[in-house]
Amino acid sequence: MSYTVDELVTAYPDMRAPDWAVFGAIGLDRSVVWHRDAAALDALHDAAAAPVGRSVLAAAYGPAVVDDLVGRGWLQRPAELCTEYLLTTAQIEVTAHCNWGCEFCPVSLDRKPPATMPMPLFEEIIDKIAVYDTIRYVTFHFYNEPTLDRFFAERVAVLREYGLKLRLLCNASNLTDEKIALLQQGDTLLQLVVNVPSLDEDEFRALTGYKRPGRTLANVEAALDAGLRVAIVVNGVGQDVERRLEAVRAHFEPRGAAVSSSLISDRAGTLSEDYYQDVHVEGRLRGCSWPVNHAHFSVSGDMFICCNDYYQREKFGNIRSGSVHELMTSEEAVLLRRRVFGVVEAPDDYICRACHDQLPDFSRRQFLPLASFPLNGCGRGGACV
């Protein structure tokens, strides 16, 4: 099991089990808690598909086993399911417009009208997320271009005031010398991640719809010259992306940039043609880290499910109406997570049904029911993870 979506490099839980361990369970903090009793794993499997009375489980596995699992929070009452969360990132849509139209992005098919988040709203969001010391960084992107934001410098200053880190994902088209100098100050910038689909300018234009690729490439060079921590992502599908990836690597890796290709998603069915993945998941959904570990804020302050929700269909409140905790534990948010984790059936048109993160064989799945992995066999009715 690996974690990739919000990591600078792929991260893996520490799977070194003590000699006495029979199985382990991965918590929301991505650490493993080991357990010595195989009966406990069987009890968890029996209670996974549908609620089982405590007395029934106690009769089958013993009261001590059940009491232990309840105490750990591994067995919960139905009303408590999916109320928990643990935020590791906050993704803030500071602007709702982009000057590119990349073929691998929904903007190329349905561009949204320009909008900019007012500074008082941004400051309110930052003030309300700053209480979470588990948040490792903030981003300014959601199918937009943060370097076009007229409040860019002010927003960085607010992050610096609160001691929050910025992971800046952008196309660098407006990454001016002034912005680079700003990002050099202090340690607010965690990483600069730039979309560079090709070094060939004609190919670059065709992929992005942007007429001045040389400007982006020069700005990336300037960021590297300034000593910023730069990662470059080469987007695309098929064999062609491998050719472009190798060219970008050969050019930028000697300069100190980390270069990789991204795992392209059709954004829950939003993209078409070569990018369309034709996913439709039947039955109960299987869990996902996005609505548990990540807070997403729209340009107007709405909280919504995840980065694949281009139209922000699955909202559960506005930050102006309460604290982050109040919104994350609201009836709407809990229902959303119960649908995502298969506690209740999601509607047929639910966004997650069209998302590859719900496919059992998706290589980067972060939740598998059960979220446990026995060391000595797979337990009754279960599958090894």
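R16 is exposed, with 69% relative accessible area (exposed means over 50%, buried under 20%, partly exposed in between, using a 1.4 Å probe and protein chains only). The structure is a predicted model: local features need pLDDT of at least 70, side-chain atom pairs count only at pLDDT 80 or more, and totals for chains, interfaces and linings use all residues. Residues are numbered from 1 along each chain as its sequence is written, and side-chain values use heavy atoms, with hydrogens and water left out.

**Overall build**
- The protein has twelve helices and twelve strands (DSSP runs numbered from the N terminus: helices are H or I with at least four residues, strands are E with at least two).
- Its radius of gyration is 22 Å, close to the 21 Å that the globule rule gives for 385 residues, so the protein is as compact as a globular protein of that length. The radius is taken over C-alpha atoms, and the rule is 2.2 Å times the number of residues to the power 0.38.
- Along the principal axes, the C-alpha atoms fill a box of roughly 70 × 45 × 40 Å.

**Inside and surface**
- Of the 385 residues in the protein, 50% are buried.
- Take the contacts in the protein with a separation of 6 or more: residues 24 or more positions apart account for 68% of them (contact means heavy atoms within 4.5 Å).
- The protein exposes about 17,400 Å², and carbon and sulfur atoms supply 51% of that area (Shrake-Rupley method with a 1.4 Å probe; for residues, only the protein chains shown count as cover).

**Charge**
- There are 38 positive and 52 negative side chains (Lys and Arg are positive, Asp and Glu negative; His and the chain ends are not counted).
- The centres of the two sets lie 1 Å apart, with each charge placed at NZ of Lys, CZ of Arg, CG of Asp or CD of Glu.

**An annotated span**
- UniProt, in an unreviewed entry, places the feature "domain: Radical SAM core" at residues 84-302. Such annotations may be inferred rather than shown by experiment.
- Residues 84-302 are 32% helix and 15% strand, and the end C-alpha atoms of the span lie 20 Å apart.

**Two residues up close**
- R16 lies in the segment before β1 (23-26). Its C-alpha is separated by 39 Å from that of L183, 167 residues apart along the chain.
- V66 sits in helix α3 (residues 63-72). V66 counts as buried, at 1% relative accessibility.
- Leaving aside neighbours within four places in sequence, V66 is in contact with R54, L57, A58 and L75.
- V66 and R365 are 299 residues apart in sequence and 29 Å apart, C-alpha to C-alpha.
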